[in-house]
Amino acid sequence: MAAGIVTWGSYLPHWRLRHAAIAQVLGSGPTKGSRAVASFDEDTTTLAVEAGRRALAPGGPAVQDLLFSTPAPGYLDKTNATTIHAALGLGRTCAAYDFVGSPRSSMGTLLSALGAAAQRTTLSVLSDLRFGLAGGAEERDAGDGAVAFVTGPDGAVAEVIGRASASDEFLDRWRVPGQADSHVWEERFGEEQYVPLAREAFDDALKAADLTEGDVHHVIVSGLHVRAVKSVAGRLGVAKEAMAPDLGSTIGNLGGAQAGIALADVLDRALPGQVILVLSLADGVDALVLRTTDALPGAQGASRGIGVPTVSEQVASGHRDVSYANFLAWRGQLLREPPRRPDPERPGAPIVHRSEGWKYAFVASTCTECGFRHMPPTRVCLSCRSIDQMRPERLADVAGTVATFTIDHLAYSMSPPVIGVIVDFDGGGRYRCELTDADASEVAIGDRVGMTFRRVYSAQGVHNYFWKARPLDGSSAEAGE
Amino acid sequence: MSSKGIRDQVAIIGMGCTRFGELWDKGTDDLLTEAATEAATSAGLSIHDIDAFWLGTMTSGVCGVTLSRPLKLDYKPVTRVENYCATGSEALRNACYAVASGAYDTAMAIGVEKLKDTGFSGLTGIRPVGDGTDPGLSSPAAFSFLAPSYAHKYGVDGAQLKEVMSRIAFKNHQNGARNPRAQFQKEVSMETIRGAPLVAGELGVFDCSGVSDGSAAAIICRTEDAHRYCENPLYVKALSFVAGPAAGPIDPGYDYTTFEEVVRSAADAYAQAGITDPRAQLAMAEVHDCFTATELVLMEDLDFAERGTAWKEVLAGTFDRDGELPVNPDGGLKSFGHPIGASGLRMLFECWLQLRGEAPPDRQITTVGPGRTLGLTHNLGGAPGEGVSFVGIFGTELGGMGLDA
């Protein structure tokens, strides 16, 4: 029984922004490539929930610590990890911590969890939603997504066999709290700092693992400093086929989640007994050496079995393109006229807390007398009128079918029109909710849908999180039963 | 349902109804003053002769002072009631019961809504603080589930159903065009209705009722006193109100082609009034056409047409002003808009005019006559599968239906 990474899961949002779409509007810039775009109703917390759901295999070990890391937290002062904890339905005794700020804290989060793996079962979720000003490289080359790892004492698919870090203080990339976009110093300055730091960490890590360059099967070099990453990768002296594919041209650079997504991608397809080396360039360099175990194929198969998509499937599958105008509107850079309707109200803290199971974990009440499912949960059964004969039942991972739908041009939304669907869940229960990640012209009665955790809106500085339906297709049918 | 009813125990002896519309120069107080004064005057009374008041409003005020302040009532009982879009009918129902109980000799039911001061499009509900999980669909969206479900269930082609819905709007605007109290007093062509931009689902702008201000009021007394105030009173035959368990949004068995609340309240009202064949026995009906698809479904829920056939009856003109059973001869919510507290009493006002032969000749219906003296008002609140429904029946003759005259 080995300690290390036990399971993993990745989430790339549905939407892609083509570089050509930017160039067409702004009149200049590259026309090849694309990036992953979080929808208007996603933030780093919801991205993390989706990744976390994919990492938490049914019947897996109970998570003791939830660690959430992002450079773009939904809240400061208020812990975001508790939202993720609630949405994942983790136990009350599970701790929940934020590690927010710089991308380096994401790698630090995973390294800390791995360091404690022999004693604690930890879910680490690394999430990022990158913001850049219109026409800039950050807007074009960044991407949004999240990745989650369960680490623990038993059943590891990959064990740590070495790690090393090299730290230094220099100004490469920075963002002042309150500002949305980050700034970078002249590129060549950062490159000259990163290259030697990377070499040191790489060599130290190999030494710690008692390996040489030639023993490594998969090398991941990641960082927001693209020029430094390229430069480092070219000088490591490892075989070209060992270099993990660069996903940047299709999904963009995921910042705090980039190294993790690349690691998940490798774990999706690695063989047992292989060595993986992760080199993360972020205000210093962290190197992590892992060796996969014989448990890996079983875990890969189990994920496939319940329909969890791999990173490469999410990269390749037929996602929809978002128009540049919608992208700008989603990021608050294009102010669309709101409908002449009252602004949404912030939800009330006590009522939200009372309905925590429903709102965050999508827990219905099922009548123990007659089996009728109630969404939202109620105490009196609609079907047999029994009172207080309910058991809670989480339906977040149960798929459903669209019974009927409507396109609402009047309701408030950051991205109108709202698609309203009546969903009949497999095994019983009906709920009326919004359909997201969908095109209004393509919805039909009978469509299969799953549930996804979203930020419905923000009002008076309070984020309103809840579940929406989204279309299920072959590639993202993880909610199918 | 053991609803006994109060058939023929109370009578309407006076009514008032303001113009409905975007009344920028009138406030809630003005509307209340005008409707109350007109109603009292028509019964030959002063406002101060009336013993008790029921005020229906959803958003334009809370508590009885909303009425007692503008009317300067002298320490009379005033009850403010709210029951969503059926608020006006709820005021009427409670005033009727108060008089029937013997507690008061006369009562006023008055409804008002001043919607056009908010600056918003459509209705804006009043909701308690929530947990943020309500999907927040608009009213048109909630009702737009009806059309495709109806079309699917009865095999009606989508384009054909759009024609049916347009025909309902066309009819109601035709009726409203002759009504000086309506918000919209213009006929609208089928082309304009059909081609209007979509608001939600298949519902275009002309499938939705307007948003307006207005007020209406009725004076009620015991039947034995009615002729002291009025030569030709309107007797209350039935009042039925139900609130459903809001099953639709959570019950996979609900198919969005009916309002169970309406079916139940209609059956109750027909039983109270002794009606067995509403389509033949009623001379007219004022129904809650908040959306054209609603009126279509109501024709079946109120038993004016067999299940799955109302769409054909609409096209055949059965419910036109000169049809077999005129529905919304005043123009309905379609032409009047829907000032929530006022609508139910505005419907009653049309019965008051038509059944007593006081509608202007150019819009007097011809179905009223010997053996056919009853009118129905139907008021709906909420949304398909989760709402409240009121059905009232009123007539110019005591007894009737050959049962216990």
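Which residue in strand 16 of chain A does V363(A) stand opposite? I looked it up: R394(A) faces V363(A) there.

**Entry 1: ground rules**

I am working with a predicted model, in which local features need pLDDT of at least 70, side-chain atom pairs count only at pLDDT 80 or more, and totals for chains, interfaces and linings use all residues. Residues are numbered from 1 along each chain as its sequence is written, while chains are lettered from A and ligands numbered from 1 in the order in which they are written.

I take helices (H or I, at least four residues) and strands (E, at least two) as DSSP runs, numbered from the N terminus. I call two strands paired if DSSP finds at least two bridges between them.

**Entry 2: strand 7 of chain A**

Next I checked how covered strand 7 (residues 145-152) of chain A is. I found 8 of its 8 residues buried. Buried means 20 or more other C-beta atoms within 10 Å of the residue's own; exposed means 12 or fewer, and partly exposed lies in between, with C-beta atoms placed from the backbone.

In a regular strand the side chains alternate between the two faces of the sheet. I looked at both faces here. G145(A), V147(A), F149(A) and T151(A) are buried on one side. A146(A), A148(A), V150(A) and G152(A) are buried on the other.

I noted two partners. Strand 1 (residues 4-11) of chain A pairs with strand 7 in the antiparallel sense over 7 bridges. In that region G4(A) stands opposite G152(A) of strand 7. Strand 6 (residues 122-128) of chain A also pairs with strand 7, antiparallel, over 7 bridges. There I found D128(A) bridged to G145(A) of strand 7.

**Entry 3: domains of chain A**

I read off domain 1 (4-330) and domain 2 (349-479) for chain A. Such bounds come from an automatic or database domain assignment. The two domain centres, taken over C-alpha atoms, are separated by 30 Å.

How many residues of domain 1 of chain A are in contact with domain 2 of chain A? I found 25, meeting 21 residues of domain 2. Contact means that two C-beta atoms, placed from the backbone, lie within 7 Å.

On the domain 1 side, helix 2 (44-55), helix 3 (81-87) and helix 12 (324-330) of chain A each supply at least two residues. Helix 2 gives the most, with 4 residues. By class I noted 9 nonpolar, 9 polar and 7 charged residues on this side. Here Ala, Val, Leu, Ile, Met, Phe, Trp, Tyr, Cys and Pro count as nonpolar, Asp, Glu, Lys and Arg as charged, and the others, Gly among them, as polar.

**Entry 4: domains of chain B**

Chain B is assigned domain 1 (10-118 + 213-229) and domain 2 (139-208 + 234-395). Their C-alpha centres lie 24 Å apart. The contact takes 35 residues from domain 1 and 34 residues from domain 2 of chain B. On the domain 1 side I listed strand 1 (10-17), helix 3 (87-100), strand 4 (106-113) and strand 7 (214-222) of chain B as giving two or more residues. Helix 3 of chain B has the largest share, 7 residues. The classes on this side are 18 nonpolar, 12 polar and 5 charged.

**Entry 5: where chain B meets chain A**

This contact takes 30 residues from chain B and 36 residues from chain A. On the chain B side, helix 4 (139-144), helix 5 (146-154) and strand 5 (198-200) give two or more residues. By class, the chain B side has 17 nonpolar, 11 polar and 2 charged residues.

G155(B) follows helix 5 and has a positive phi, near 65°.

**Entry 6: one loop residue**

Last, I found E22(B) in the loop between strand 1 and helix 1 (28-42) of chain B. Why does E22(B) count as partly exposed? Because E22(B) has 13 C-beta neighbours inside 10 Å. Leaving aside neighbours within four places in sequence, E22(B) is in contact with K116(B), S212(B) and D213(B). E22(B) and G210(B) are 188 residues apart in sequence, yet 9.7 Å apart in space, C-alpha to C-alpha.
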